[in-house]
Amino acid sequence: MAEENQKKQFDDLWHPGAYIKEISPTEVEKLKETLDKAHNENMNFNCKKCDKKISAHNKDWHDCMCDKCFNETYFPDETQTKKKVEKVFMKPGRNNQEDRINFVKFWANYIKTHSDKEWSEQQNILIDGQFSGT
Amino acid sequence: MEYLSNKKEIILNRELNKLDRFALDFTRILEKHADYVIISGYVSILLGRSRATDDIDIFIKELPFGQFSELYEDLQRNGFECINAEAPKEVFSYIKDGLAIRFSRKNAPTPNFEVKFPKREIDKETFSDFITVILPSGKFKISSLERQIAFKRYYLKSEKDIEDALHIEELFKKQLDYGKINKLKSIIENMD
C-alpha cells in the first residue's frame, strides 16, 4: 500500500501541467502558516490575473491567483479535458423563433466553454464569406 | 474572452476576420482626430454573435468643421470614401443635422461605418461608461454591455436586436448590472 502511494505521488509529480516555485528556507516557515488554510479563508487578496478576491492560501500557494485562473495557467490540458467532457446539447425549438433563441443560448455557451481561437475561427467563416475584397 | 468589469476591459484573443480588420483600419485613423464609441450590432458580433452585418454603427464626439475636415482628408488618404457625398462641407452638414454618414473602402460600399454625432443626452452618456476591448492586434472602444442590452431589447426591438441582446446577456450574465439596465429601460421608454 505504501509503495502504491509512493508510486502515485511520483506519477502525479510528472503529470502534464505543474506549478513549481522556488522558496528560501526562511520563506518556508511563513508559507507553512497558510498551507492548510481553506480556499475561502482570509479573503483579503486579489487574483493577479482577474482581480477577484482570493484567500491567503491562494496568494501563497496558487501563485496569487484564484482557482480558475491558476488551473487555466498551470493545468490547461486538464481544464480543456474537463470542458470537453461537459458537452452541452441544443434543445430544438418548437417554432423558428424559439429555435433561433435556443441557438443563440447554445452558441453563447459554446463561446464560454471554448477558447477564443476555436469559436472565432468558426464565426469568421460566416463573416469572411460575406465580403470578397475587404 | 474575459470581462474585467472593474477595469472596464474585455480581453479577447479572437482570430480577426475581414470585418474586424476593416474596423481596426478605420478606427486607427478616426481616433487620431476624434473620440469614438462603437455601438449596436458590431458590438455583439465582435463578442462572438454568429451573424454578419453590412454596417458598423459608431458615435463620434461632436467636433468643429475644421477638425472634421482633417479627419475626412486622412480617411481619404488611407483609402476610405464617404458614400453620401464627396465635398467635406456637404458631408459635415449631414452629420451636423443629426444624420448618419457612411464611410467604406473606395469603390466597395459594403461593409461601411455609419458615423453619427450623439444628440440625445442618453447617447452622449455612451462616452462616460464605454468598455475597451483589447485584441491581440488592437483595441476598440465599445458601448457598455448594459447600454447595449437596453437599446437592443427596449429601443430597437427587432428579432435580430433581441437576439443580439440575449447573446450579451448569456455571455456575461453574472457580471451585468441589472439595475443599470432597468434604469436605461425607463429612460428609453420615456423618450420621444
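1. The largest nonpolar core has 55 residues, and those with the most contacts inside it are Ile38(B), Ile58(B) and Ile142(B). A nonpolar core here is a set of buried Ala, Val, Leu, Ile, Met, Phe, Trp, Tyr and Cys residues joined through C-beta atoms within 7 Å. A residue is buried if 20 or more other C-beta atoms lie within 10 Å of its own, exposed if 12 or fewer, and partly exposed in between, with C-beta atoms placed from the backbone. Apart from neighbours within four places in sequence, Ile142(B) is in contact with Val37(B), Ile38(B), Val43(B), Phe130(B), Ile131(B) and Val133(B). Contact means that the C-beta atoms of two residues, placed from the backbone, lie within 7 Å. A second, separate core of five residues includes Ile54(A), Met65(A), Cys66(A) and Cys69(A).

2. On the basis of the model: it is predicted, so local features need pLDDT of at least 70 and side-chain atom pairs count only at pLDDT 80 or more, while totals for chains, interfaces and linings use all residues. Residues are numbered from 1 along each chain as its sequence is written, and chains are lettered from A and ligands numbered from 1 in the order in which they are written.

3. Chain A has seven helices and two strands, in the order α-α-β-β-α-α-α-α-α along the sequence. Helices (H or I, at least four residues) and strands (E, at least two) are DSSP runs, numbered from the N terminus. Of the 134 residues in chain A, 13% are buried. Among contacts in chain A with a separation of 6 or more, 21% are between residues 24 or more positions apart.

4. Val28(A) sits in helix H2 (residues 25-35) of chain A. Is Val28(A) buried or exposed? Val28(A) is exposed, because 10 other C-beta atoms lie within 10 Å. Val28(A) and Gln122(A) are 94 residues apart in sequence and 48 Å apart in space, C-alpha to C-alpha.

5. Between the chains, 24 residues of chain A are in contact with 23 residues of chain B. On the side of chain A that touches chain B, the elements giving two or more residues are helix H6 (96-113) and helix H7 (116-128) of chain A. H7(A) provides the largest share of that side, ten residues. By type, the residues on this side of chain A are ten nonpolar, six polar and eight charged. Nonpolar covers Ala, Val, Leu, Ile, Met, Phe, Trp, Tyr, Cys and Pro; charged covers Asp, Glu, Lys and Arg; the others, Gly among them, are polar.

6. Helix H3 (residues 65-77) and helix H4 (residues 88-96) of chain B pack at an angle of about 115°, with their axes 10 Å apart. Axes are lines fitted to C-alpha atoms, for helices over the stretch in contact, and angles run from 0 to 180 degrees between N-to-C directions. The crossing of H3(B) and H4(B) is right-handed: a crossing is right-handed if the near helix is turned clockwise from the far one by less than a right angle, and left-handed if anticlockwise. Phe65(B), Phe68(B), Ser69(B) and Tyr72(B) in H3(B) meet Pro88(B), Val91(B) and Phe92(B) in H4(B). The residues of this contact are six nonpolar, one polar and no charged.

7. Tyr72(B) and Glu86(B) are 14 residues apart in sequence and 10.0 Å apart in space, C-alpha to C-alpha. Glu86(B) is in the loop between strand S5 (80-82) and H4 of chain B, and counts as exposed with 10 C-beta neighbours inside 10 Å.

8. H6(B) and helix H8 (residues 178-189) of chain B pack at an angle of about 40°, with their axes 9 Å apart. H6(B) and H8(B) are therefore oblique to each other; angles under 35 degrees count as roughly parallel, over 145 as roughly antiparallel, 65 to 115 as roughly perpendicular and the rest as oblique. The crossing of H6(B) and H8(B) is right-handed. The residues of this contact divide into seven nonpolar, no polar and five charged.

9. Some backbone points in chain B deserve a look. The peptide bond from Thr110(B) to Pro111(B) is cis, with omega near 0°, and Pro111(B) is in strand S7 (residues 108-116) of chain B. Ser40(B), not a glycine, has a positive phi of about 65°. Ser40(B) lies in the loop between strand S3 (36-39) and helix H2 (41-46) of chain B and is buried, with 22 other C-beta atoms within 10 Å. Lys157(B), also a residue other than glycine, has a positive phi near 65°. Lys157(B) is in the loop between helix H6 (145-156) and helix H7 (159-172) of chain B, and is exposed, with 12 C-beta neighbours inside 10 Å.
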